[in-house]
Amino acid sequence: MSLNKVKKYFEKYNISDRIIELDVSSATVELAALALKTSESRIAKTLSFILNDKPILIVMSGDVKIDNSKYKSYFNSKAHMIPKEDVEVLIGHDIGGVCPFGINDNVLVYLDTSLKRFKTVFPACGSSNSAIELTIEELEKYSNFTDWIDVSKII
């Protein structure tokens, strides 16, 4: 189970006890915001893409979407989301719980600048009913991110 992978991952940082396990689904930005009693913009959604035959993750604010022209300008490639039936195998977590923690070794993580306007954000923790509140500095540390990028636009 992916939640257990994330718990184990966070144990080495002594923060696994900060994972919030919900009684309701947090599989979408809207559901997560309702369950966590916060704004949709503070939900740190994690989108999975294939870039040059390799999986990547982009973590971004819940109130933005990929700006295709910015994506193409940064990555020199069109944005190709991973088909939902392949996400768990390629990333290590299934749709609804995808996060940048406890992922497969070959997955690069990018953080979108849309997150920088918040003190804390809520990424998922490997399941469709889990999250953790992290500062931006903690998100940087625990996600082992590759780079900050600007590939989003407000919905």
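First, the ground rules. This is a predicted model, so to speak of local features we need pLDDT of at least 70, side-chain atom pairs count only at pLDDT 80 or more, and totals for chains, interfaces and linings use all residues. Residues are numbered from 1 along each chain as its sequence is written, and side-chain values use heavy atoms, with hydrogens and water left out.

Some terms. Helices (H or I, at least four residues) and strands (E, at least two) are DSSP runs, numbered from the N terminus. Buried means under 20% relative accessible area, exposed means over 50%, and partly exposed is in between, with a 1.4 Å probe and protein chains only.

Start with strand 3, residues 54-61. Why do we call it largely enclosed by the rest of the structure? Because seven of its eight residues are buried.

Now its partners. Two strands pair if DSSP finds at least two bridges between them. Strand 2, residues 43-51, pairs with strand 3 in the antiparallel sense, over eight bridges. One example: Lys45 has Met60 in strand 3 as its bridge partner. The hairpin of these two strands has two residues between the strands, and Asn52 there takes a positive phi near 55°.

Strand 3 also pairs with strand 5, residues 108-112. That pairing is parallel, over four bridges. Look for Val59, which stands opposite Leu111 in strand 5.

Next, helix 5, residues 136-143. Which of its residues are buried? They are Ile136, Glu138, Leu139, Tyr142 and Ser143. These residues cover an arc of only 155° around the axis, which puts them on the same side of helix 5. That arc is taken from the directions from the helix axis to the C-beta atoms.

What covers them? The cover includes helix 1 (2-11), strand 5, strand 6 (120-123), strand 8 (134-135) and strand 9 (147-149). Just after helix 5, Asn144 takes a positive phi of about 50°.

Last, two single residues. Contact means heavy atoms within 4.5 Å. Ser48 lies in strand 2. Ser48 counts as buried, because its relative accessibility is 5%. Leaving aside neighbours within four places in sequence, Ser48 is in contact with Ile56, Leu57, Met81, Ile82, Val87 and Ile91.

Ile103 lies in the loop between helix 4 (87-91) and strand 5. Is Ile103 buried or exposed? It counts as buried, at 17% relative accessibility. Leaving aside neighbours within four places in sequence, Ile103 is in contact with Leu57, Ile91, His93 and Val109. From Ile103 to Lys65 is 38 residues in sequence and 22 Å in space, C-alpha to C-alpha.

That's the tour. Thanks.
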